[in-house]
Each structure stands twice: as C-alpha cells, then as structure tokens.
Amino acid sequence: MTPAKTSTPNARLRALVPGLAAAAMASAVLASPLKRDEHVLLVPTPARNLADGRVELDIQAWVFEYEPRRGSVALFARYLDLDPDDLPPERRGLFEARTQLFRVDSERNKQLRIRIAGGIEVDLPRTRSDGRTGRRVTLDAGAPGTADWIELQVVAPGGDDRLFTGRAQRVPDEGLSVVSDIDDTIKHSSVRDRRELLLNTFARPFTAVPGMAARYRTLAAESGTRFHYVSASPLQLQPALLEFLDDAGYPAGSLHLREMTSWVSLLGAAPDSPSHKRGAVDRLLRDFPGRRFLLVGDSGEHDPEIYAGIAREHGSRIAGIAIRDVTGEPAGASRWQVVFEGLPEDLWTVFKDGGDWRATP
C-alpha cells in the first residue's frame with residue numbers, strides 16, 4: 001500500500017477554507033485600469049533629500065466615480081440640513097460644485113501608473129475600498145523637475161486623453177517650514193458655529209483673513225522657506241482649497257487634509273481632528289530633521305494645545321507658535337498661561353489678523 005501523503009499547512013488551510021484560493025484569484029482579477037467614467041485626485045505632497053543625494057517623495061491618490069443618480073444633490077443637502085432652494089441662484093451653483101466630490105463612489109482595486117517628470121514611471125498599489133492608494137518613491141540624484149516642484153501625471157489607458165496631474169514640493173534640508181491651519185486661521189470658516197461653517201464651506205465664496213496672505217508672502221521671500229497646510233478639512237475640499245490659496249495669494253505648499261471619503265464627521269470638531277493634525281506635523285518633523293518649524297493656527301479648537309505639546313517635545317526646532325484669536329482670548333488671557341506654561345514667552349504670540357501678528361521666527 002502506498003503511504004498516505006501528509007498534507008502541507010497550506011493544503012490543510014485550503015481544505016478548511018475552500019473559498020480562500022478562489023477569493024485570492026478573484027481579488028487579482030478585480031485589479032483593473034482606470035475607466036472612462038473614473039477620475040483621479042493627486043495630493044500635493046512634500047519631497048525630501050536623502051543623505052546619498054537621492055530624492056524621496058510621497059505619491060497619494062484617490063480614485064472615484066461621480067454619483068450619476070438624480071437627487072444626489074438634494075440627498076446631500078438634507079444630510080447637511082441645508083435647503084438649496086433657500087440659497088440665491090448663484091449660490092446654488094456654488095453649492096453643487098463644492099459638494100461634487102462628496103457625491104461620488106470610491107473605486108477599489110484600481111491599478112494606477114504615475115509618470116514623474118523626466119519619463120520615470122511607477123506603479124501604485126491597488127486602491128483600497130475607500131479609493132485611496134499611495135507609496136513612497138525614491139528617485140536617483142538629479143531628479144527631474146523645477147527647483148521647487150516635481151510634476152506628476154497619471155498614465156491613462158490607451159485612447160484616454162484626459163489629464164490627471166499633481167506635484168510634490170521639494171523641501172531643502174534646512175530652512176523654515178511654516179505649518180499652517182486653514183479654517184479660521186487663513187480663511188474665514190466659523191468652525192464653532194455649525195450653520196455658519198456649512199454655509200461658508202458649501203454656499204459662499206471663500207474669504208481670506210485680512211493680512212495673512214501678505215504675511216505668508218513675506219515669510220516665503222526668505223530662501224528655503226516652505227509651507228505645509230495641515231487642516232481637518234476633508235480630502236473632498238482639496239480642489240476648492242487649492243483654488244482659494246492661489247486666488248488669495250498664499251504661497252503654494254503641500255496639503256495635508258483629513259482622510260475622509262464618507263459623510264461621517266464631515267466638518268468641524270471631528271474626534272480624529274487633533275490626532276490627524278498631530279500626526280501630520282510629527283511626520284514632517286521626522287522627515288525633515290534639519291529644519292525649523294513655525295506653527296500657525298487659531299484658538300477655536302485644539303491648535304494651541306497641539307502646538308504647545310509639540311514645542312515641549314522638540315525644543316529649539318520650533319521657531320514659534322502663532323495663534324489667531326477667534327474666541328476673544330487675547331494674549332493676556334488665562335488660557336494661554338496654562339497652555340504655554342514652561343515655554344519661553346517670546347516663542348508664542350496671539351493675534352487678530354495678519355497685520356496684528358508680530359514677528360515670531
């Protein structure tokens with residue numbers, strides 16, 4: 001009699017879970033290129049120099065399809081408790097445009113190839129269920145691109161002439177990095193008033209805080225200065241926010257928005273907002289150990305507490321903390337004595353607008 005063969009662990013696993021191999025094959029089959037009705041958003045990210053002269057950058061993408069069903073605008077409006085019919089006609093169009101990326105289906109198992117300026121091409125991992133994918137890429141010394149930016153483009157399938165582009169900002173080893181909040185720091189949002197926040201976000205033109213763009217341009221004039229806009233605003237607002245930054249005259253920079261492709265906790269004081277901001281700043285500090293950081297935020301939520309904690313941990317690497325007062329708590333308020341206890345008094349400042357902000361770095 002021929003001895004019975006001893007099954008391998010993998011064979012036993014397949015026997016216990018008959019559908020495992022089939023599921024794995026199905027997953028591989030589901031990986032597919034971009035379709036004509038699918039779109040890609042690329043996030044502006046920072047790029048850093050490595051010790052051996054190479055350049056490392058993050059590529060972050062979101063793949064989605066616009067929701068074709070009629071009534072999606074009204075459905076989203078009801079979710080926000082806003083009635084578009086109450087808006088002036090010109091604001092209804094703005095509402096539809098601003099909410100467009102909230103009315104989409106994220107696409108999973110999509111395979112993207114990215115062309116980097118100079119002809120280098122890299123593949124990203126397949127998109128997750130939320131349509132997101134990304135990877136860190138290392139380029140040889142002398143990486144292509146301008147002095148400040150590395151251009152990115154999605155390689156579309158044959159016959160698809162659409163352009164989905166993005167870029168990564170080259171950040172020098174040394175210099176000043178300005179980490180800036182957006183809502184109520186450089187843009188009027190009224191985060192503490194949900195009704196006003198929703199109207200300012202979805203139904204009104206964005207308006208800049210007076211003097212802030214000029215203040216940032218003054219900082220940007222110093223060689224080696226870079227900007228990183230870290231906000232709890234959701235990813236869906238990226239196109240509108242980039243347009244605002246450009247139109248208002250703010251320096252371009254990397255954008256670090258909250259990873260959120262569902263309708264849960266859209267705006268305001270979402271539970272994960274502090275951890276998102278702290279995580280984004282911590283990563284910048286790790287990636288750029290030779291740079292100093294100026295942290296700019298507002299008093300409406302947790303920016304002061306987050307920034308104070310960072311300053312206590314990183315000491316001389318923090319060039320300053322600037323907090324815009326939106327709660328009626330000027331520099332002498334008791335809150336600041338508690339928040340900034342133990343930190344040098346000349347490290348932090350509280351201001352009303354850009355013209356009132358004394359020099360920090």
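The model is predicted, so local features need pLDDT of at least 70 and side-chain atom pairs count only at pLDDT 80 or more, while totals for chains, interfaces and linings use all residues. Residues are numbered from 1 along each chain as its sequence is written, and side-chain values use heavy atoms, with hydrogens and water left out.

**First stop**

Select Q238, P239, A240, L242 and E243, which lie nearest the centre of the largest pocket among its 32 lining residues. A pocket is an open set of points on a 1 Å grid over the protein atoms alone, where a 1.4 Å probe fits, with protein on both sides within 12 Å along at least five of seven lines; lining residues have an atom within 4 Å of a point. Its space is about 590 Å³, a volume being the space filled by probe spheres set on the points.

Next, colour α7 (238-248), one of the elements that give two or more residues to this lining. Helices (H or I, at least four residues) and strands (E, at least two) are DSSP runs. The largest share of the lining, seven residues, comes from α7.

**Second stop**

Now select Q60, L255, H256, E259 and R283, the residues nearest the centre of the second largest pocket, which has 21 lining residues. Its volume is about 410 Å³. Which element gives the most to this lining? Select α8 (273-287): α8 contributes seven residues.

Finally, colour domain 1 (38-67 + 103-171) and domain 2 (176-351); each gives at least three residues to the lining of the second largest pocket. These bounds come from an automatic or database domain assignment.
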